[in-house]
Amino acid sequence: MSDIEEIRRRRMQELQQQAAAQQQAPDAQSQEQMRREMEAQKRQAMMQILTPEARSRLANLRLTKPEFVDQIELQLIQLAQMGRVQSKITDEQLKELLRKLAGQKRDINITWK
């Protein structure tokens with residue numbers, strides 16, 4: 001009898017694991033769909049906030065510093081939502097903003113003696 005009970009217990013565990021995996025799969029798909037929608041909304045907002053040259057500059061910068069660009073995009077969207085962006089941000093204005101934000105980083109110099 002104990003062998004049959006052991007087989008039943010194992011089979012029940014397998015079924016529970018399969019059920020849990022099936023429940024997680026739709027959640028992952030819905031999260032992926034939400035992420036895609038958020039990216040599309042962010043792209044749309046950037047098209048309204050930035051000139052084509054400025055968007056191109058951010059796209060190039062994203063290749064080397066994706067986290068930095070994400071941070072800048074979020075800040076720009078927040079400024080636009082607060083009404084602080086009156087017209088599209090040009091490439092020169094974006095350069096100045098990037099200089100200010102990049103200048104906030106602390107430089108660490110190591111000298112060997």
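**View 1. Contact between H2 and H3 in the predicted model.** In H2, Leu58, Leu61, Arg62 and Thr64 touch Pro66, Phe68, Val69, Asp70, Ile72 and Glu73 of H3 (contact: heavy atoms within 4.5 Å). The residues of this contact divide by class into six nonpolar, one polar and three charged. Nonpolar here covers Ala, Val, Leu, Ile, Met, Phe, Trp, Tyr, Cys and Pro; Asp, Glu, Lys and Arg are charged; the others, Gly among them, are polar. H2 spans 52–64 and H3 spans 66–81 (helices: DSSP runs of H or I, at least four residues, numbered from the N terminus). This is a predicted model, in which local features need pLDDT of at least 70 and side-chain atom pairs pLDDT 80 or more, while totals for chains, interfaces and linings use all residues. Residues are numbered from 1 along each chain as its sequence is written, and side-chain values use heavy atoms, without hydrogens and water.

**View 2. Axes of H2 and H3.** The two axes cross at roughly 140° and come within 6 Å (axes: lines fitted to C-alpha atoms over the stretch in contact; angles: 0 to 180 degrees between N-to-C directions). H2 and H3 are therefore oblique to each other. Oblique is what remains after roughly parallel (under 35 degrees), roughly antiparallel (over 145) and roughly perpendicular (65 to 115).

**View 3. H2 packed on H4.** H4 covers residues 91–103. Its axis lies 8 Å from that of H2, at an angle of about 40°. That makes H2 oblique to H4. Their crossing is right-handed (near helix turned clockwise from the far one by less than a right angle). H2 contributes Glu53, Ala54, Arg57, Leu58 and Leu61 to the contact; H4 contributes Asp91, Leu94, Lys95 and Leu98. Five of these residues are nonpolar, none polar and four charged.

**View 4. H3 against H4.** The axes of H3 and H4 come within 12 Å, crossing at roughly 120°. The pair is therefore oblique. The crossing of H3 and H4 is right-handed. Phe68, Ile72, Gln75 and Leu76 of H3 meet Leu97, Leu98, Leu101 and Ala102 of H4. Seven residues here are nonpolar, one is polar and none is charged.

**View 5. The largest pocket.** Its space is about 230 Å³ (volume: space filled by probe spheres set on grid points, joined across faces, edges and corners). A pocket is an open set of points on a 1 Å grid over the protein atoms alone, fitting a 1.4 Å probe, with protein on both sides within 12 Å along at least five of seven lines; lining residues have an atom within 4 Å of a point. H1 (2–49), H2 and H3 each supply at least two lining residues. H1 gives the largest share, five residues. The lining includes Glu39, Arg43, Met47, Leu58, Arg62, Val69 and Glu73. Six lining residues are nonpolar, none polar and six charged.
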